Amino acid sequence: MLLYVLRRFASAVPTLFVIVTIAFFMLRLAPGGPFDLERPIDPLIIENLKRAFNMDKPLPQQYMLYLWNLLHGDLGPSFTRRDFTVNDLFRFGLPVSIQIGGTAIALALVFGTFLGSLAALRQNSWVDYSVVGVATFGITIPPFVVAPILSLIFGVYLGWLPAGGWGAPGSMVLPVATLALPQMAIVARLTRGATIEVLRSNHIRTARAYGLPSWVVLYVHTLRASILPVVSYLGPTAAALMTGSVVVETIFGIPGIGRYFVQGALGRDYTLVMGTVVVIAVFVVVFNLIVDILYAYLDPRVRYD
Amino acid sequence: MLKNMLKATVFATTFALGGGYMASAALAEVVYNRGNDTDPTTLDHHKTSTVAEGHIMRDLYEGLVVQDNKANVVPGVAEKWEISDDGLKYTFHLRADAKWSNGDPVTAQDFVFAYQRVQDPKVAAPYANMLYPMVNAEAINKGEKKPEELGVKAVDDKTLEISLSSPTPYLLELLTHQISYPLHKASVEKLGEEYTKPGNMVTNGAFMLEAFTPNDKIVMKKNPHFHDAANVKIDTVNFIPFEDRANCLRRFEAGEVQSCSDLAYEQLSYMKEKMADQVHIVPKLGTYYLPVKVKKEKLADPRVRQAISMVIDRDFLANEIWKGAMQPAYSIVPPGISNYDNPIFLDYKDKDILDREDAAKKLLEEAGVKEGQLSIELRYNTSVNHKNTMTAVADMLKSVGINSTLVEMEGTGYFDYMKQDGDFDMTRAGWIGDYSDPQNFLFLFESQNLGFNYPRWSNADYDAAMKKAGETVDLKERAAILRQAEEIFLKEMPAIPVMYYASGNLVSAKLKGWEDNIMDVHGSRYLSIEN
């Protein structure tokens with residue numbers, strides 16, 4: 001198992017390298033640059049700025065320089081937020097995004113599987129219909145609609161929670177709810193489908209025939225198998241949520257890293273965009289690995305060595 | 001018994017809580033959560049340029065002179081100053097009690113250091129050109145001279161001398177801009193780029209930097225060494241960036257922020273209905289106008305241009321097309337500007353649009369233009385609002401029998417096309433003033449100003465008035481001359497002013513001391529919060 005993990009990590013390195021390379025050159029292909037502002041700057045001043053950011057060097061050299069710094073964990077200075085390095089920005093923002101995204105994923109997992117298996121057990125009853133109905137609703141209403149409505153109801157009209165911002169008690173609730181609701185809905189549907197299938201499978205019939213109590217049948221034997229599609233879904237989703245959501249961060253005014261991708265791209269902040277790409281890539285690689293390991297643990301048919 | 005015990009407990013708890021509340025209320029710090037447009041690019045004020053950065057810098061620093069809550073220029077670090085008769089030398093006397101946030105005295109050398117640094121090409125200050133009136137400033141910024149050659153000298157610790165290359169009656173206005181704030185020489189020299197970090201940053205304004213979390217807030221604490229600290233009523237200012245104006249609106253409604261620096265205009269009617277007096281929309285230092293190519297034969301007659309101007313319903317454009325984000329304009333210099341006590345407006349400002357249409361028809365008749373005979377092209381740069389504006393103008397022109405066609409151009413080439421004397425009839429343009437002085441608007445149409453004189457209008461009287469104003473040091477006299485220039489402009493109408501840009505703020509009823517002004521400046525030191 002350990003060998004497998006190590007092998008996977010080793011194979012992640014070339015993947016990251018390819019991503020970084022493609023992103024680096026694609027960014028430079030985009031028209032304009034970080035110093036093209038509304039009010040034109042003196043060419044002399046632009047020269048000075050370029051020198052300060054190593055942009056006066058030929059592109060291949062800039063690329064090697066970037067890789068070298070990246071290997072040392074240095075993501076470079078931000079072009080648009082001059083008081084910060086990209087590392088600084090992630091040091092502030094990443095914990096916030098992980099906190100919100102992680103909580104949302106945990107809630108979605110717990111409540112989603114519970115509701116999903118409940119619906120599966122009471123298939124075609126009112127419980128099932130209401131879970132499926134609410135889930136469909138949750139999936140179809142986009143966060144940019146849910147977020148302002150939640151903020152209006154709980155922040156402005158009822159005044160129970162902060163309408164936005166970060167740091168005040170309760171400021172996490174609404175953003176987490178916005179992120180968790182659609183995921184919970186998806187997880188519930190996935191769990192329901194898988195559970196219905198697993199409940200009909202041979203090993204469950206055998207377990208029942210042995211006279212095992214129904215809660216053992218459900219939570220030990222059924223859930224273990226029916227959660228597999230949920231796990232493979234949640235891997236990349238967790239990576240996406242923990243690296244921040246542009247919509248939720250903008251609407252609630254949350255200092256996560258999700259907005260940096262858009263802010264960086266619009267401002268041609270090359271280092272900031274590159275940094276975001278690297279962070280997201282690392283998260284995706286790591287979570288895919290976690291999913292594969294969990295598979296080995298959950299599904300007795302999967303073995304890696 | 002049990003009941004009584006419960007009662008006693010409840011009473012005691014209430015008492016304790018109440019007492020605690022009262023004690024904390026007495027010590028409670030006054031916090032001002034202040035919505036701002038965006039985060040600053042940097043806290044190094046020499047490298048800033050935006051209005052949002054200006055709000056932050058105004059609280060952190062104090063210049064030689066400052067703008068009070070009505071945007072009047074009042075003494076800041078300098079308590080008094082003398083201007084030489086030729087208007088070329090300003091001598092500022094700094095107040096004895098001006099101090100940095102670490103307790104150091106603010107000296108004339110701090111200003112010399114800052115002003116030399118602005119022009120240093122290595123610093124790449126985007127607004128360095130604002131201080132070009134200082135002797136040798138431009139040459140230093142272009143790398144032709146050394147920073148030490150700048151015409152700014154410290155006579156002694158508390159006396160600063162600024163020499164100008166030509167009289168600049170609006171110099172004091174320039175000195176209120178963030179580019180003109182001083183720097184704590186010792187810490188900048190010691191820390192270099194790191195001087196803007198919380199814990200490092202030393203400032204001389206009413207507030208000092210406590211923390212800066214990107215996309216979250218900038219926290220400032222009251223500066224105990226500030227000379228007017230006794231009158232600063234707010235203990236903490238949190239500058240919160242709002243990319244999403246609707247988010248600020250919600251947090252404003254929830255009482256979480258006390259002001260928003262911009263409005264979600266799509267919800268204007270809701271805001272006006274719900275918040276009435278807390279919605280502040282006032283003209284700011286900018287005019288939206290329509291340049292007319294005067295050398296074209298069909299547009300050469302000023303009566304034709306005046307007729308076109310008359311039929312443009314500015315109220316409709318401002319309120320319907322721009323949803324109140326603009327205000328109707330009847331002059332090129334926006335009202336409320338400094339150094340201009342008696343603004344002039346077009347005489348049909350308050351006339352009914354139907355009467356104006358009749359008057360316009362008469363003017364056209366006098367000029368020999370028959371109905372349906374004149375056909376002009378309206379050109380604009382890509383934007384939904386500009387397109388709608390021009391479509392509406394075309395419709396208004398039709399009411400007096402002028403036909404028009406619309407031509408859209410991509411933004412990047414558009415202004416260059418106008419600069420290069422492109423073959424247009426009528427276009428649109430906007431100008432936001434850099435400093436509060438009528439010269440900053442009227443210079444656009446001087447005949448030698450080929451970069452901005454899009455109509456290619458040339459009027460000897462106008463040029464003469466502008467030249468004379470430039471040589472006049474007395475501000476009252478100068479204002480009268482500039483007014484004459486604008487009068488000529490409005491009579492000749494080479495460009496039709498249609499709207500003033502406006503600033504929109506949400507201001508809580510609890511926030512006291514807020515005064516609407518054309519510069520949209522509201523230093524937190526003049527504000528207070530009442531509960």
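1. Helix α10 (residues 228-242) of chain A packs against helix α13 (residues 270-298) of chain A at an angle of about 160°, their axes being 9 Å apart. Axes here are lines fitted to C-alpha atoms, for helices over the stretch in contact, and angles run from 0 to 180 degrees between N-to-C directions. α10(A) and α13(A) are therefore roughly antiparallel (angles under 35 degrees count as roughly parallel, over 145 as roughly antiparallel, 65 to 115 as roughly perpendicular and the rest as oblique). The crossing of α10(A) and α13(A) is right-handed, meaning that the near helix is turned clockwise from the far one by less than a right angle. On the α10(A) side the contact includes A:Leu228, A:Val231 and A:Met242, and on the α13(A) side it includes A:Phe283, A:Phe287 and A:Tyr295. By class, this contact has 14 nonpolar, 3 polar and no charged residues. Ala, Val, Leu, Ile, Met, Phe, Trp, Tyr, Cys and Pro count as nonpolar, Asp, Glu, Lys and Arg as charged, and the others, Gly among them, as polar.

2. On the basis of the note: this is a predicted model, in which local features need pLDDT of at least 70 and side-chain atom pairs count only at pLDDT 80 or more, while totals for chains, interfaces and linings use all residues. Residues are numbered from 1 along each chain as its sequence is written, and chains are lettered from A and ligands numbered from 1 in the order in which they are written.

3. α10(A) also meets α4(A): the two axes come within 8 Å and cross at roughly 155°. That makes α4(A) roughly antiparallel to α10(A). Here too the crossing is right-handed. Among the contact residues are A:Gly101, A:Gly102 and A:Ile105 of α4(A), together with A:Val230, A:Leu234 and A:Leu241 of α10(A). The residues of this contact divide into 9 nonpolar, 5 polar and no charged.

4. Chain A as a whole has 13 helices and 0 strands; helices (H or I, at least four residues) and strands (E, at least two) are DSSP runs, numbered from the N terminus. The C-alpha trace of chain A spans about 85 × 55 × 30 Å along its principal axes. Of its 305 residues, 36% count as buried. A residue is buried if 20 or more other C-beta atoms lie within 10 Å of its own, exposed if 12 or fewer, and partly exposed in between, with C-beta atoms placed from the backbone. Among the contacts in chain A with a separation of 6 or more, 72% join residues 24 or more positions apart; two residues are in contact if their C-beta atoms, placed from the backbone, lie within 7 Å.

5. Between the chains, 30 residues of chain A are in contact with 28 residues of chain B. On the chain A side, the elements giving two or more residues are α2 (43-52), α4 (86-121), α6 (143-157) and α11 (246-252). The largest share, 5 residues, comes from α6(A). This side of chain A divides into 16 nonpolar, 9 polar and 5 charged residues.

6. The largest nonpolar core has 76 residues, and B:Leu60, B:Leu94, B:Phe111, B:Tyr115, B:Leu131, B:Met134 and B:Cys260 have the most contacts inside it. A nonpolar core is a set of buried Ala, Val, Leu, Ile, Met, Phe, Trp, Tyr and Cys residues joined through C-beta atoms within 7 Å. Helix α3 (residues 108-119) of chain B gives the largest share of this core, 7 residues. Leaving aside neighbours within four places in sequence, B:Phe111 is in contact with B:Leu64, B:Val152, B:Leu160 and B:Pro182. Apart from this core lies another, of 64 residues, among them B:Val292, B:Val333, B:Phe424 and B:Val498.

7. Helix α9 (residues 302-311) of chain B has 8 of its 10 residues buried, so it is largely enclosed by the rest of the structure. The buried residues of α9(B) include B:Val304, B:Arg305 and B:Ile308. They pack against α11 (353-366), α12 (384-398) and β17 (495-507) of chain B.

8. Two backbone angles in chain B can be checked. Most residues other than glycine have a negative phi. B:Ala71 has a phi near 70°, a positive value in a residue other than glycine, and lies in the loop between β2 (65-67) and β3 (73-75) of chain B. B:Ala71 counts as buried because it has 23 C-beta neighbours inside 10 Å. B:Asp421, also not a glycine, has a positive phi of about 60°, and its place is in the loop between α13 (411-419) and β16 (429-432) of chain B. With 13 C-beta neighbours inside 10 Å, B:Asp421 counts as partly exposed.
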